Amino acid sequence: MTHAAASPHPFPILREGDALPPALARPVVAIGNFDGVHRGHRAVIGTAIDQARSLGRPALALTFEPHPRAYFRPAEPIFRLTPEPMKLKRLSETGLDGAVVLAFDATMAGREAEDFVAAILVARLGVAMVVAGYDFHFGKGRGGSPLFLREAGKRHGFGVEIVPPLLDEGAQISSSVIRAALAQGRVEQAAHMLGAPFAIEAEVVHGDKRGRELGYPTANMRLDPAVTLAHGIYAVTVEIDGVRHKGVASFGRRPTFDDGAPRLETFIFDYAGDLYGRVLTVAFHAWLRPELKFDGIDALIAQMDIDSARARAALG
């Protein structure tokens with residue numbers, strides 16, 4: 001699959017009420033939730049880009065925020081592999097010409113599949129073609145199936161291509177399978193399905209400064225409570241001002257000290273700058289061990305020395 005590199009120009013993101021600019025008229029649209037922008041999603045996006053290039057049309061992603069499950073099951077927070085800002089950043093790196101973000105609310109949830117096609121795909125976007133995954137459903141009661149979309153395309157005069165599942169050693173690649181891998185600390189497997197290491201963006205906040213006293217000053221981040229990454233120690237990289245730094249991170253409740261709310265604490269090798277208030281991206285490359293409770297500070301520091309050496313080895 002060959003498609004163009006991402007444009008150096010700003011990536012246009014259209015929302016409710018935004019008119020489609022002339023440069024994006026008659027697009028080929030890849031449609032989906034795209035949480036994670038994983039290899040399966042990229043197969044759909046890559047197909048849309050290839051079709052767009054062959055037709056001389058722009059290629060857009062059409063996606064939804066918040067995640068539909070957050071609307072239908074608000075009491076069950078979903079672990080987002082890529083919250084909206086990161087999802088849009090990943091989409092901008094695929095070679096797409098832009099993205100359309102639709103609000104998933106009561107109006108969207110109650111919209112019949114035929115109305116979605118007529119009002120959004122045809123009237124608003126004027127699509128030349130729609131590309132979707134084999135399991136994509138839309139509209140009230142999930143009434144819009146891939147078969148429905150094909151038939152709607154014939155009625156309304158746009159092409160439809162349905163992309164089959166992308167398998168990884170015989171297993172389907174999906175956001176739910178990746179979440180399950182991360183919940184067990186299998187970050188290497190998750191990275192293989194994502195096409196890149198799983199990463200988290202968060203602001204560095206003030207902690208209890210205990211790491212400093214132990215000789216391991218850490219950048220502390222409070223993550224969304226919905227994050228179900230396994231508690232443990234990881235080899236990570238941290239991007240600071242465009243430079244990737246190696247490090248070792250602990251995600252968990254700090255059982256040796258307070259057993260508090262889960263927190264990500266990252267010791268960045270060979271770095272001494274002030275990071276408070278900065279939003280950093282931490283990428284998880286290897287699982288080192290589960291979170292443990294130590295009998296004393298000396299035992300903890302000895303293990304942290306081992307963890308750091310193992311992280312450096314894992315990161316090369």
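Which residue in β4 does L14 stand opposite?

A: Happy to take a look with you; please keep in mind that this is a predicted model. L14 stands opposite V100 in β4. The strands concerned are β1 and β4, the latter covering residues 98-103, and they pair in the parallel sense over two bridges.

Stepping back to the whole sheet, you will find six strands in an open arrangement, ordered β1-β4-β3-β2-β5-β6 and paired in parallel. Because β1 (13-14) and β6 (159-163) each have a single partner strand, they stand at the edges, and one side of each is left without a neighbour in the sheet. Helix α1, made of residues 39-55, packs on this sheet and touches β2 (28-31), β3 (59-65), β5 (129-133) and β6. The direction of α1 makes about 175° with that of β2.

Back at the strand you asked about, helix α3 (residues 84-92) lies across β1, β3 and β4. Relative to β3, α3 runs at about 170°.

R80 has a relative accessible area of 17%, so it is buried. Its contacts, leaving aside residues up to four places away in sequence, are D35, E65, H67 and K87. With two of these, the side chain of R80 makes polar contacts: one of 2.8 Å with the side chain of E65, and one of 3.4 Å with the side chain of D35.

Terms used
Residues numbered from 1 in each chain as written. Predicted model: local features only at pLDDT ≥ 70, side-chain atom pairs only at ≥ 80, totals over all residues. Heavy atoms only, no water. Pairing = 2+ DSSP bridges. Helix = DSSP H or I, 4+ residues; strand = E, 2+ residues; numbered from the N terminus. Contact = heavy atoms within 4.5 Å. Axes fitted to C-alpha atoms, helices over the stretch in contact; angles between N-to-C directions. Buried < 20%, exposed > 50% of the residue type's maximum accessible area, 1.4 Å probe, protein only. Polar contact = N/O pair within 3.5 Å; in protein donor to acceptor, adjacent residues only side chain to side chain.
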